[in-house]
Amino acid sequence: MAKISFIGLGNMGLPMAQNLAKAGHDVIGFDALPAAREAATSAGLTIGESNTQVAETAEIIILMLPNGQIVQDVAKEVLTTLSKGSLLIDCSTIDVSSAKALHEMAKTADVHSLDAPVSGGIGGAAGGTLTFMVGGSTEAFEIGAPYFEIMGQKAVHCGDGGSGQSAKICNNMMLGISMIATCEAFAMAEKLGLSQSALFDVVSTSSGSCWSVNTYCPVPGVGPQSPADNDYKAGFAAALMLKDMDLSQQAAGSVEAATPLGEHATRLYKQMVEDGQGGADFSAIIHHLDKK
Ligand code: NAD
């Protein structure tokens with residue numbers, strides 16, 4: 001059984017750390033926020049004294065933090081005490097350039113590293129059904145694979161360092177755009193006098209089908225259960241979608257990729273968040289299109 005240190009015990013990190021402990025690993029965690037440490041202790045997780053202290057004993061160290069700057073700061077701290085040959089896995093969703101900087105720092109310290117952002121949200125973290133998109137060397141991926149298997153149902157090795165984050169933002173940019181396209185079609189159907197369930201029946205088995213229609217339809221009472229059926233309670237909050245859309249635009253700018261729909265979709269989620277709806281599910285953007 002491995003000695004695993006877990007930093008960032010928030011909505012996602014705590015259940016992921018718990019699943020590793022439940023599988024019999026020797027897990028110690030830390031979080032900068034006292035309330036998060038207390039919640040983790042109540043949940044039965046062993047808590048250390050600081051980021052650097054929990055890193056001292058780690059064979060594997062996992063980060064689940066809010067953004068690229070914090071990940072880089074914490075990586076600098078823990079790399080002072082991590083043993084050579086240990087593995088640093090960053091599961092946070094961050095910008096590609098911070099992910100690449102993290103791999104460089106780890107390499108200098110003789111520590112293996114992976115960027116491994118996730119899809120699946122809080123439910124996936126609790127149920128151990130996350131999908132990991134992983135960037136880094138094959139050797140590092142092989143060391144990390146058994147832990148991805150515990151925390152998730154699938155881990156895809158996407159390529160070199162940074163490619164996990166690249167895959168994540170490409171996926172989420174497509175999701176952000178396809179949700180708006182879905183909302184536009186359903187809102188237009190209503191105005192054309194076409195029943196929304198008829199549109200669902202057609203599209204879900206036709207060329208317009210996509211996850212936003214088939215699994216997560218933004219209209220209440222249509223398709224499988226989704227946040228629309230629960231007054232658009234998140235699910236995946238619009239503020240988190242905006243974070244990922246902003247990261248996609250940052251990445252597009254850095255390589256001069258043309259993403260005109262990504263850019264426009266980012267603006268629409270930004271308006272929704274500025275209208276005070278950042279805590280609602282991102283599919284509630286259907287109401288923001290209606291307004292215009
Ligand atoms: P969260 O805010 O609930 O948790 C982050 C934790 O990091 C907090 O408890 C915070 O106190 C801690 N932290 C911040 N700075 C720290 C530091 N310097 N040292 C130690 N701990 C520190 O966020 P979350 O929802 O768990 O998301 C974590 C990451 O996962 C984010 O990058 C997010 O984009 C990504 N993600 C979230 C979801 C989701 O549905 N919540 C889905 C996929 C990916």
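Q: How do strand β5 and β6 pair, and over how many bridges?
A: Strand β5 (residues 87–90) runs parallel to β6, and four bridges link them. Strands count as paired when DSSP finds at least two bridges between them. Strands here are DSSP E runs of at least two residues, helices are H or I runs of at least four, and both are numbered from the N terminus.

Q: Before we go on, what kind of model is this?
A: It's a predicted model, where local features need pLDDT of at least 70 and side-chain atom pairs count only at pLDDT 80 or more, while totals for chains, interfaces and linings use all residues. Residues are numbered from 1 along each chain as its sequence is written, and side-chain values use heavy atoms, with hydrogens and water left out.

Q: Back to the strands. Which residue in β6 is the bridge partner of D90?
A: D115 in β6 partners D90.

Q: And what hand does the β-α-β unit of β5, α5 and β6 have?
A: Right-handed. That means the path from the first strand over the helix to the second runs clockwise when the strands point away from the viewer.

Q: Where does D110 sit?
A: D110 is in the loop between α5 (96–108) and β6 (112–115). D110 isn't a glycine, yet its phi is positive, about 60°.

Q: How do strands β8 and β9 run?
A: Parallel: strand β8 (residues 130–135) and strand β9 (residues 152–159) are joined by six bridges. M133 has V156 in β9 as its bridge partner. From β8 the chain passes through helix α7 (residues 138–151) to reach β9, in a right-handed β-α-β crossover.

Q: Switching to helices: at what angle do α8 and α11 cross?
A: Roughly 120°, with the axes of helix α8 (residues 163–191) and helix α11 (residues 238–254) coming within 9 Å. Axes are lines fitted to C-alpha atoms, for helices over the stretch in contact, and angles run from 0 to 180 degrees between N-to-C directions.

Q: So what do you call that pair, α8 and α11?
A: α8 and α11 are oblique to each other. Under 35 degrees is roughly parallel, over 145 roughly antiparallel, 65 to 115 roughly perpendicular, and the rest oblique. The α8 and α11 crossing is left-handed, meaning the near helix is turned anticlockwise from the far one by less than a right angle (clockwise is right-handed).

Q: Which residues in α8 meet α11?
A: Among them are K168, I169 and N172 in α8, with M241, D244 and M245 on the α11 side. Contact means heavy atoms within 4.5 Å.

Q: How does α8 sit against α12?
A: The axes of α8 and helix α12 (residues 260–277) come within 9 Å and cross at roughly 70°. That makes α8 roughly perpendicular to α12. M173, G176, I177, M179 and I180 in α8 meet L261, G262, A265, L268 and Y269 in α12. That contact has eight nonpolar, two polar and no charged residues. Nonpolar covers Ala, Val, Leu, Ile, Met, Phe, Trp, Tyr, Cys and Pro, charged covers Asp, Glu, Lys and Arg, and the others, Gly among them, are polar.

Q: And what's the packing angle of α11 and α12?
A: About 145°, with the α11 and α12 axes 9 Å apart. The crossing of α11 and α12 is left-handed.

Q: Last one: which peptide bond is cis?
A: A234 to G235, with omega near 25°. G235 is in the loop between α10 (211–214) and α11.
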